[in-house]
Amino acid sequence: MGLGEILALACAVCWAIGIVLFKHSGETLTANSLNLLKNCIGLLLIVPTAMVFEGLKIPNLSVTDWLIVIASGYFGIAIADSWYFQALRRLGAGRTAIVASLYSPFVIILSIILLGERLQSWQWLGLVLVLVGILLVIYQKHYQYIDKQELYRGSAFACAAVFLTALGVVAVKPIFDNDSNGFFWIVAFRLIAGVVGALIFLILKGKLSAIRKEVVEQQHNWPILVTASVFATYFAMLFWLGGFKYTDASIASVLNETSNIFIVLLAWLFLKEAFDKRKFFGVTLAFAGVMVFLGF
């Protein structure tokens, strides 16, 4: 297992830790407030990190590369997150999580088209095992009823959000692959584009003051919210993009999918959530798929 694979799995673990910590806090913030908070905290940490490791030297990118970095952050963070929240509102968490499993297939398809990557036959088998395992884990027997129009709209928002996330990271991978470009500053500028885009959206919607008030009212939860944000944005984002830098995008995306498995395990261990036979079989199947995918 190479550095890229290790970073991709570390991303999944850190994201899972952050999500479980957010749940432990009682999910006291709305989706928009939580997303803006965690991204701002991540940005406050990533910029100093870039200064420590790469100094004040801004990456010497071409105009095209800068446009790709900015577009990757704007569409892959601001727009994708907004559409993902639209999906959550229409579909609920269970249905949205199922549609979100399209992430790795989207990355693989885009990597084949844009980057010329290829998967071996056993890796396709591993991918299927991982996806089936994840679907078993996140499947719910009972969903709240919604009409067909809401189902179609919500599914469209979820698909579009996941596709933009996949496209954003695949598009920026060739820039990360060039070691002379400066990894940390590119991550920082990508996140800046996402945060600025989200702020513009919230200002136009007239929601920024309400979000600021909501965050201030949660002062008693700040320690756990900040800790969760450090794991879910700072560490997870660095490991996520680092995984894409040091291994094929297709491989990194499949390993990223295991975050759902780690969320279920951590929620069972620390939040005492149910862990039945179906979830156990799904977790086992997904980890078996990872082993097959990595060629063990």
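Start by selecting α12, whose buried residues pack against α1 (3–24), α6 (121–138), α11 (249–256) and α13. Buried means under 20% relative accessible area and exposed over 50%, with partly exposed in between (1.4 Å probe, protein chains only). Helices (H or I, at least four residues) are DSSP runs, numbered from the N terminus. This is a predicted model, in which local features need pLDDT of at least 70 and side-chain atom pairs count only at pLDDT 80 or more, while totals for chains, interfaces and linings use all residues. Residues are numbered from 1 along each chain as its sequence is written, and side-chain values use heavy atoms, with hydrogens and water left out.

Stay on α12 and colour its buried positions: Ser 259, Ile 261, Phe 262, Ile 263, Val 264, Leu 265, Leu 266 and Ala 267. The helix has 12 residues and reaches 16 Å from its first C-alpha to its last, close to the 16 Å expected at 1.5 Å a residue; the expected span is 1.5 Å times one less than the number of residues.

Next, select Lys 272, in the loop between α12 (259–270) and α13 (277–294). Its phi is positive, about 60 degrees, although Lys 272 is not a glycine. The residue counts as exposed, at 68% relative accessibility.

Move to Phe 244. With Val 187 and Leu 241, Phe 244 touches the most other members of the largest nonpolar core, which has 78 residues. Such a core is a set of buried Ala, Val, Leu, Ile, Met, Phe, Trp, Tyr and Cys residues joined through side-chain atoms within 4.5 Å. Helix α10 (residues 222–246) supplies its largest share, 12 residues. Leaving aside residues up to four places away in sequence, the contacts of Phe 244 (heavy atoms within 4.5 Å) include Tyr 103, Val 107, Val 169, Ala 249 and Ala 252.

Now select Arg 190 in helix α8 (residues 183–205). Arg 190 is buried yet has no salt bridge, and the nearest side chain of opposite charge, Asp 81, is 8.8 Å away. A salt bridge is a side-chain nitrogen of Lys or Arg within 4 Å of a carboxyl oxygen of Asp or Glu. Among the residues that Arg 190 touches, not counting those up to four places away in sequence, are Val 69, Gly 73, Ile 77, Trp 240 and Leu 241.

Finish at Cys 11 and Cys 14. A disulfide is a pair of cysteine sulfur atoms within 2.5 Å, and the count comes to 0 disulfides. Cys 11 is in none, its nearest cysteine sulfur being that of Cys 14, 7.4 Å away, which is too far for a bond. Cys 11 is buried at a relative accessible area of 8%, and Cys 14 counts as buried at 9%.

How values were computed: Helix = DSSP H or I, 4+ residues; strand = E, 2+ residues; numbered from the N terminus. Lys, Arg positive; Asp, Glu negative; His and termini not counted.
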